[in-house]
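Below, labels attached to a structure are checked one by one. Each answer sets a value against the rule behind the label.

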Amino acid sequence: MPVEVTWWGHATCTVEDSDVRVLTDPLFARRLAHLRRRRGALPPPGARRADVALVSHLHADHLHLPSLARLAPGTRLLVPRSAPRAVPGLRRLTHLRLTEMEPGDETGVGGVRIRAVPARHDGRRLPFGPQRSPALGYVVEGEARTYFAGDTGLFEDMAKEVGPVDVALLPVGGWGPYLGEGHLDAGRAVEALVRLAPRSAVPVHYGTYWPIGMDAVRPHEFHAPGEEFVRLAAERAPEVAVHRLGHGESVLLGAAR
């Protein structure tokens with residue numbers, strides 16, 4: 001059974017594996033603070049349907065309370081450890097079944113296992129206070145092993161911590177003209193690709209949101225990362241099939257080796 005990946009924009013994807021729908025970092029807003037959705041229509045209501053939703057870290061473009069509130073009653077929600085303390089609004093989402101995770105934790109949902117893995121990224125809920133939770137990636141294992149990196153920089157034991165994977169959903173950009181510490185640009189994402197050696201990869205976290213009033217400031221940082229990732233991956237990791245999706249597009253990928 002192939003695995004289907006749909007990219008809705010930014011870090012929001014649906015991974016369908018073993019009849020389980022996994023939704024990553026749900027963000028269904030046209031505007032978020034100073035950010036405006038510049039590319040792609042808002043995901044349709046069907047995009048909110050999931051058996052389990054994964055939240056990688058506390059930043060508002062990844063843990064977006066209004067988007068989580070739209071998930072159907074009974075949906076499993078995996079969040080970093082201590083997230084409800086750092087983000088009290090999570091406690092009001094009583095229609096969701098919330099589980100706190102930290103690196104190494106595993107849980108089962110239907111026919112898949114989901115394992116939390118480390119990420120190198122700021123775990124605070126900025127700018128609201130010093131509360132901190134671990135930033136996470138997740139590996140979804142069913143017919144395939146799919147790695148959702150969330151937001152992360154490169155780290156030394158990435159291949160060991162993540163383990164063998166078949167599909168990698170890797171961030172290749174951001175939402176502003178500059179990327180800070182703990183992020184992957186297209187070049188660093190290809191280095192992650194070399195280390196992880198998946199069969200397939202999908203670039204995410206680029207070309208969706210951009211600060212209002214900054215359309216002319218370093219626009220290549222908004223438009224180019226996906227294409228740059230494809231180009232560099234062909235040079236450095238030609239054995240990996242890279243699928244650059246448009247917003248709302250899907251791809252069927254093979255099962256595990």
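**Labels and their grounds**

Q: What does Leu77 touch, not counting residues up to four places away in sequence?
A: Leu77 is in contact with Ala53, Val55, Leu68, Leu90, Leu96, Arg97, Leu98 and Thr99. The model is a predicted one.

Q: Why is Leu77 called buried?
A: The relative accessible area of Leu77 is 1%, and buried means under 20%. Leu77 is therefore buried.

Q: Where does Leu77 sit, and what makes the pairing of E7 and E8 count as such?
A: Leu77 belongs to strand E7. Strand E7, residues 76–80, is joined to E8 by five bridges, and the two run parallel. Two strands pair if there are at least two bridges between them, so E7 and E8 pair. Within E8, Leu98 is the bridge partner of Leu77.

Q: How far apart are Leu77 and Phe148 in sequence and in space?
A: They are 71 residues apart along the chain, and their C-alpha atoms are 15 Å apart.

Q: Which order do the strands take in the open sheet of seven, and what makes E8 and E17 its edge strands?
A: The order is E8-E7-E6-E3-E2-E1-E17, and the pairing is mixed. Strand E8 (97–101) and strand E17 (250–253) each pair on one side only, and they are the edge strands. From one strand to the next, the twist averages 20°.

Q: Why is Glu106 called partly exposed?
A: Glu106 has a relative accessibility of 46%. Buried means under 20% and exposed means over 50%, with partly exposed in between. Glu106 therefore counts as partly exposed.

Q: Which residues is Glu106 in contact with, leaving aside neighbours within four places in sequence?
A: Glu106 is in contact with Met101, Arg113, Ile114 and Arg115.

Q: What joins E10 to E11, and which residue of E11 is the bridge partner of Arg113?
A: E10 and strand E11, residues 136–141, pair in the antiparallel sense over six bridges. The bridge partner of Arg113 is Glu141.

Q: Why are E4 and E15 said to stand at the edges of their sheet?
A: The sheet has three strands in the order E4-E5-E15, with antiparallel pairing. Strand E4 (31–32) and strand E15 (209–211) each have a single partner strand, so one side of each is left without a neighbour in the sheet. E4 and strand E5, residues 35–37, have two bridges. At least two are needed, so E4 and E5 pair. Leu32 stands opposite Leu35 in E5.

Q: What makes Ser67 buried or exposed?
A: Ser67 has 1% relative accessibility. The limit for buried is under 20%, so Ser67 counts as buried. Ser67 lies in helix H1, residues 65–69. Leaving aside neighbours within four places in sequence, Ser67 is in contact with Pro26, Leu27, Phe28 and Ala29.

Q: Which members of the largest nonpolar core touch the most other members?
A: They are Ile114, Tyr138, Tyr147, Leu170 and Phe229, in a core of 54 residues. Helix H4, residues 186–196, gives the most to this core, with six residues. Another core, of 19 residues, lies apart from it and includes Leu63, Leu71, Leu90 and Leu96.

Q: How do you know that the radius of gyration of the chain agrees with a compact globule?
A: For 257 residues, a compact globule would have a radius of gyration near 18 Å; the chain has 17 Å, which agrees. Of the 257 residues, 54% count as buried.

Methods
Residues are numbered from 1 along each chain as its sequence is written. This is a predicted model: local features need pLDDT of at least 70, side-chain atom pairs count only at pLDDT 80 or more; totals for chains, interfaces and linings use all residues. Side-chain values use heavy atoms; hydrogens and water are left out. A nonpolar core is a set of buried Ala, Val, Leu, Ile, Met, Phe, Trp, Tyr and Cys residues joined through side-chain atoms within 4.5 Å. Buried means under 20% relative accessible area, exposed over 50%, partly exposed in between (1.4 Å probe, protein chains only). Helices (H or I, at least four residues) and strands (E, at least two) are DSSP runs, numbered from the N terminus. Axes are lines fitted to C-alpha atoms, for helices over the stretch in contact, and angles run from 0 to 180 degrees between N-to-C directions. Contact means heavy atoms within 4.5 Å. The radius of gyration is taken over C-alpha atoms; the globule rule is 2.2 Å times the number of residues to the power 0.38.
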